[in-house]
Amino acid sequence: MSAKETLTGAEALIRSLELENVEVMFGLPGGCILPAYDPLLKSSIRHVLVRHEQGAGHMAQGYAHVTGRPGVAMVTSGPAATNMVTPLCDAFMDSIPMVCITGQVSTTAIGTDAFQECDTVGITRSVTKHNELIMHPDDIPLAVRQAFHIATTGRPGPVLLDLPKDVLQNTMTWHWPTDEEVLESLPGYRPTVKGHPRMIKEAAKLLLASERPVLYLGGGVLKARAADAVRELAELLKTPVVTTLMARGAFPDDHELCYGMPGMHGTATAITAMQKADLLCALGARFDDRVTGKVATFAPDAKIIHVDIDPAEQGKVRKPDVPIVGDCRLIVEEIVKAVKELLAEGTTQADITPWRSRVNGWKEQFPLTYDASEPGARLKPQFCLEKLRDAAPEDTILVAGVGQHQMWASLFWNFRKPYTWVNSGGLGTMGFSVPAAIGAKAARPEATVWAIDGDGCFQMTAQELVTATTEGIHVKIAILNNTYLGMVRQWQEMFYGERYSEVDLAGCPDFVKWAEAMGCVGIRVESPEEIDAAIEKANSINDRSVVVEFRVEEFEKVFPMVPAGASNDDVLLHPTQESRREYLK
Amino acid sequence: MTINANNPYGDSRNHHILSVLVQNRPGVLARVAGLFARRGYNIFSLAVAPTEDDDYSRITIVVDISATPLEQIVKQLFKLIDVVRITELDPKKSVERELMVVTVRADGENRGQVVELANIFEAKVLAVGADAMTISLDGNPEKLDDFEDLLKGYGIVESQRTGRVALPKLDREARPRTLKGKAS
């Protein structure tokens with residue numbers, strides 16, 4: 001690269017993405033982004049051509065979920081940009097690093113209501129960590145470097161770059177900015193990484209003094225790649241651990257200290273352990289309303305240690321006793337060190353054996369449960385998940401859509417490793433799983449990727465199975481088909497007096513034919529005897545995507561459940577366990 | 001974001017002044033305004049202008065802290081990449097200035113009284129019409145409130161205020177709390 005190399009904006013864009021080590025991007029071309037698709041022909045970057053721009057966004061998210069690297073999506077202006085709003089918002093809510101490139105009408109046409117013009121940066125401002133409209137081709141390399149820096153540092157998130165067509169067509173003098181230039185260009189962006197030493201010592205003291213501690217892990221543990229450090233801390237102090245929906249896999253489910261997922265559909269043990277704790281050590285967690293239930297009665301006796309890289313999360317919902325801003329892995333490592341020092345100096349840990357036996361007692365009394373299906377009746381969705389779980393190859397990546405099937409997947413799966421769970425937590429985006437699974441598989445071609453989907457979700461984004469087939473990205477989809485918008489139906493049954501309004505998806509398409517039409521293998525399972533063979537067949541097919549439709553019980557509900565706005569003390573247990581409620585004291 | 005019309009300038013218990021130094025880039029005001037709108041924070045007034053350095057602008061925001069703690073507003077503002085520095089100005093420890101331009105009815109017998117009032121407040125008469133005059137007044141916002149109140153009796157045709165700008169007082173206690181680079 002000579003000092004005075006002249007490139008078009010489009011060439012500069014693609015070269016910048018290559019220099020950011022982008023190996024795959026997901027997208028769909030159109031008018032304004034056309035110039036960028038030309039240099040892509042001779043680029044090392046693999047482009048996955050989607051069938052709908054929303055799919056490109058969720059694929060980029062799936063890629064980012066399992067790798068920790070930013071997922072990249074590129075689409076055109078106007079309707080393509082608005083189709084990208086949902087994935088951007090999803091990534092923003094779940095702190096997923098993502099870089100999105102959108103085309104824009106030429107700078108001379110901006111503001112004239114030109115064909116396929118929309119105010120992309122205006123529309124996406126509140127659903128991105130940052131966005132920029134690039135008005136000069138010379139600015140492209142720095143903007144790309146800034147985008148990747150912002151997306152991946154601090155609290156990760158999506159960044160959008162809007163590139164007008166003439167900016168892509170005009171020429172520029174190539175210059176790749178140095179790290180210093182990037183930092184200088186962002187004087188207001190200096191995320192805190194290192195935790196405050198005094199707060200870290202304070203946290204260590206509280207952890208040692210606590211008689212009823214709980215480690216409350218959120219998605220930040222995974223973002224910070226802190227799982228090993230957290231495990232060391234938990235094992236050092238024998239502290240019970242709960243993993244939120246975004247943290248499934250951050251701590252092994254089969255570990256003796258793991259009590260599963262807390263929250264609206266968490267395990268009775270995880271919910272109650274948090275309620276009765278005298279110390280919650282929140283690591284990369286944000287006290288989401290789905291976890292806390294009614295905030296005023298949430299964990300009333302607990303002191304709070306809150307480790308989060310985003311200062312704005314400190315005190316947003318619950319005032320912490322010990323706030324620590326910074327990188328979760330570095331801070332937990334420091335806490336471990338501080339605990340060891342205190343122990344070496346003669347401080348002793350409070351006796352937590354009574355607490356642990358109490359928590360273990362709940363775990364014994366309130367295991368996850370469901371009623372087995374009657375002979376001849378439809379399958380139980382939980383049964384299907386157990387079968388899928390037990391037959392899944394080691395290191396299978398599990399992806400879910402949003403709704404009942406997502407909760408059952410999170411509850412009944414056995415997560416052993418980080419980055420094996422991909423779902424839409426904060427935004428709750430139906431239709432997430434098919435494209436996200438494709439993105440995950442593109443990132444980890446050696447891994448088996450199973451998506452658990454509902455019939456409602458599947459019908460929102462299943463056209464991306466064509467993408468999977470044509471690109472040779474072979475995923476496995478399990479549809480738990482109850483012919484209902486199941487979670488909505490559950491709420492209407494429980495909270496609207498069984499007045500079912502617009503939730504019946506009867507007349508659903510033939511999913512087997514649908515799968516076959518898209519070049520996939522389609523399998524239907526209607527009775528328990530068919531399950532094992534169907535799953536075995538699905539697991540054995542590696543040259544095509546597979547869709548397995550399980551016809552499941554229509555009226556099955558997810559338990560436990562904390563009704564919206566209720567206190568976690570009033571968790572509704574599975575009906576067969578309600579009589580034992582007193583044990584939760 | 002709502003602009004509190006009943007009590008446009010709040011009282012010092014409910015309002016706080018944030019002096020926000022931002023990179024002078026397109027859309028930065030929209031980012032700040034959008035944040036207030038999206039998170040439901042209330043503002044009393046907002047003024048924006050370039051600073052002595054072309055690369056930066058200063059946005060002076062009078063925020064209503066009766067509904068949202070100031071700390072949360074400041075932290076959320078810091079998350080905007082273009083926000084470089086936020087200085088909290090306690091109204092009691094800062095000098096505030098605002099400009100008002102007002103057209104008031106001033107016919108025949110009233111004209112002399114309006115001019116007299118303007119003189120007392122050291123306001124300037126900018127334009128005189130047959131039955132009205134336009135007056136400008138700058139000063140601290142409370143002084144503007146008083147002047148506006150007194151003019152109401154004559155009939156205000158139109159008035160426009162700029163929103164306040166502020167800097168810390170220069171006495172020994174007036175160390176502004178400057179919060180830097182904690183964005184995430």
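Me: Why is helix 13 (residues 268-276) of chain A called mostly covered?

Reply: In this predicted model, 8 of the 9 residues of helix 13 are buried. A residue counts as buried under 20% relative accessible area, as exposed over 50%, and as partly exposed in between (1.4 Å probe, protein chains only). The helix itself is a DSSP run (helices: H or I, at least four residues; strands: E, at least two; both numbered from the N terminus). The buried residues are Ala268(A), Thr269(A), Ala270(A), Ile271(A), Thr272(A), Ala273(A), Met274(A) and Gln275(A).

As the model is predicted, local features need pLDDT of at least 70 and side-chain atom pairs count only at pLDDT 80 or more, while totals for chains, interfaces and linings use all residues. Residues are numbered from 1 along each chain as its sequence is written, chains are lettered from A and ligands numbered from 1 in the order in which they are written, and side-chain values use heavy atoms, with hydrogens and water left out.

Me: What covers the buried residues of helix 13 of chain A?

Reply: The cover includes strand 9, strand 10 (241-243), strand 11 (279-283), helix 14 (289-292) and helix 16 (353-365) of chain A. Contact here means heavy atoms within 4.5 Å.

Me: Why does Ala277(A) count as buried?

Reply: Ala277(A) has a relative accessibility of 0%, and this value falls under the cut-off for buried residues. The residue lies in the loop between helix 13 and strand 11. Beyond four places in sequence, Ala277(A) touches Arg212(A), Val214(A), Asp301(A), Ala302(A) and Trp355(A).

Me: What makes Ser210(A) a buried residue?

Reply: The relative accessible area of Ser210(A) is 4%, so the residue meets the criterion for buried. Ser210(A) is placed in the loop between helix 10 (197-209) and strand 9 (213-217). Leaving aside neighbours within four places in sequence, Ser210(A) is in contact with Asp278(A), Leu279(A), Ala350(A) and Ile352(A). A polar atom of its side chain lies 3.2 Å from the backbone nitrogen of Arg212(A).

Me: How do you know that the side chain of Thr102(A) makes a polar contact with the side chain of Asp162(A)?

Reply: The distance for this pair is 2.8 Å. A polar contact is a pair of N or O atoms within 3.5 Å; within protein, one atom must be able to donate a hydrogen and the other to accept it, and residues adjacent in sequence count only if both atoms are side-chain atoms. The pair is therefore within the limit. Thr102(A) belongs to strand 5 (residues 98-104) and is buried, with a relative accessible area of 0%. Residues touching Thr102(A) include Ile33(A), Val75(A), Thr120(A) and Leu161(A).

Me: Why does Asn21(A) count as exposed?

Reply: Asn21(A) has 62% relative accessibility, so it passes the cut-off for exposed residues. Asn21(A) occupies the loop between helix 1 (9-19) and strand 2 (24-28). Although it is not a glycine, Asn21(A) has a positive phi of about 65 degrees.

Me: Is Phe287(A) buried or exposed, and how do you know?

Reply: Phe287(A) has 2% relative accessibility and so counts as buried. Phe287(A) sits in the loop between strand 11 and helix 14. Its phi is positive, about 50 degrees, although Phe287(A) is not a glycine.

Me: How do you know that the radius of gyration of chain A agrees with that of a compact globule?

Reply: The radius is taken over C-alpha atoms, and the globule rule is 2.2 Å times the number of residues to the power 0.38. For 585 residues the rule gives a radius near 25 Å, and chain A has 25 Å, so the two agree. The C-alpha trace of chain A spans about 75 × 65 × 40 Å along its principal axes.

Me: How many helices and strands does chain B have?

Reply: Chain B has 4 helices and 10 strands. Buried residues make up 46% of its 184 residues.
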